[in-house]
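Please examine how the parts of this protein are held together. The account below begins with a pair of side chains and then widens to the whole chain.

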Amino acid sequence: MTRVLVGMDDAGWHVLPDRQWPGSRRANIDVILVGPGGVFVIDVKNWREASVRDGRLWRGDADADDELGKLVRQTVAVEEVLAEAGLPPTEVIPLLVLAGRRNIRAALDRVLVIGEDDLVREVVPRGARLEPEIVERLLAAWSRAASRCRARRPWRPSPFGLGRRPRRGR
């Protein structure tokens with residue numbers, strides 16, 4: 001998917017791949033795209049048989065709407081972090097991107113399902129909704145949140161059995 005986003009940095013966009021999902025220990029967000037057109041939380045699916053039928057997302061014959069729910073929860077977590085920088089939630093858009101696909105566009109609840117080759121065509125027309133200073137403020141807020149997540153990682157005992165929690169102040 002990065003091949004699709006190449007060159008967007010020249011237009012003021014910042015691609016943040018593989019970011020920790022705020023509030024979780026191990027879950028990640030595939031890509032957060034921050035730029036003049038807003039903030040996009042992107043979940044990439046490399047599914048051969050993906051489709052949108054009857055207002056639902058399908059992976060072959062299996063209902064895949066749970067993936068939409070997960071993406072909405074990720075988006076809400078990003079909204080909460082970026083609210084600290086003054087970003088309205090309406091500027092954070094969840095995109096479920098189907099890798100290797102094109103000419104797909106379906107709105108399911110608040111998630112937009114698109115093909116990978118349609119990504120730039122979807123993002124760029126939003127225009128300059130955010131000034132460069134605001135984009136920088138958002139990136140700084142995300143960086144602070146990421147630092148807090150790293151700082152909260154739980155202590156784990158040594159695999160060698162030397163495992164008492166270290167005391168503070170020593």
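Tryptophan 13 and phenylalanine 40 are both buried, where buried means under 20% relative accessible area, exposed over 50%, and partly exposed in between (1.4 Å probe, protein chains only). The model is predicted: local features need pLDDT of at least 70, side-chain atom pairs count only at pLDDT 80 or more, and totals for chains, interfaces and linings use all residues. Residues are numbered from 1 along each chain as its sequence is written, and side-chain values use heavy atoms, with hydrogens and water left out.

The count of aromatic pairs comes to one; rings of Phe, Tyr and Trp (its six-membered ring) pair if their centres lie within 6.5 Å, and planes under 30 degrees apart count as stacked, over 60 as edge-to-face and the rest as tilted. The ring centres of tryptophan 13 and phenylalanine 40 are 6.0 Å apart and their planes stand at 45°, so the pair is tilted. Because tryptophan 13 lies in the loop between helix 1 (2–5) and strand 1, and phenylalanine 40 in strand 3, the pair ties together parts that are 27 residues apart in sequence. Helices (H or I, at least four residues) and strands (E, at least two) are DSSP runs, numbered from the N terminus.

What does the largest nonpolar core contain? It has 32 residues, and those with the most contacts inside it are Val39, Val78 and Leu82. Such a core is a set of buried Ala, Val, Leu, Ile, Met, Phe, Trp, Tyr and Cys residues joined through side-chain atoms within 4.5 Å. Among the elements giving two or more residues to this core are strand 3 (38–45), helix 2 (65–83) and helix 4 (132–151). A second, separate core of 14 residues includes Leu5, Trp13, Ile42 and Ile114.

Leucine 82 touches Val39, Leu87, Leu138, Ala141 and Trp142, not counting residues up to four places away in sequence; contact means heavy atoms within 4.5 Å. The buried residues of helix 2 include Leu68, Leu71, Val78 and Leu82. At 1.5 Å a residue, the 19 residues of helix 2 should span 27 Å, and its end C-alpha atoms are 27 Å apart, which agrees; the expected span is 1.5 Å times one less than the number of residues.

Aspartate 18, in strand 1 (residues 14–20), is exposed, with a relative accessible area of 54%. Its C-alpha atom is separated by 5.5 Å from that of isoleucine 29, eleven residues apart along the chain.

Overall, the protein has four helices and nine strands. Of its 170 residues, 43% count as buried.
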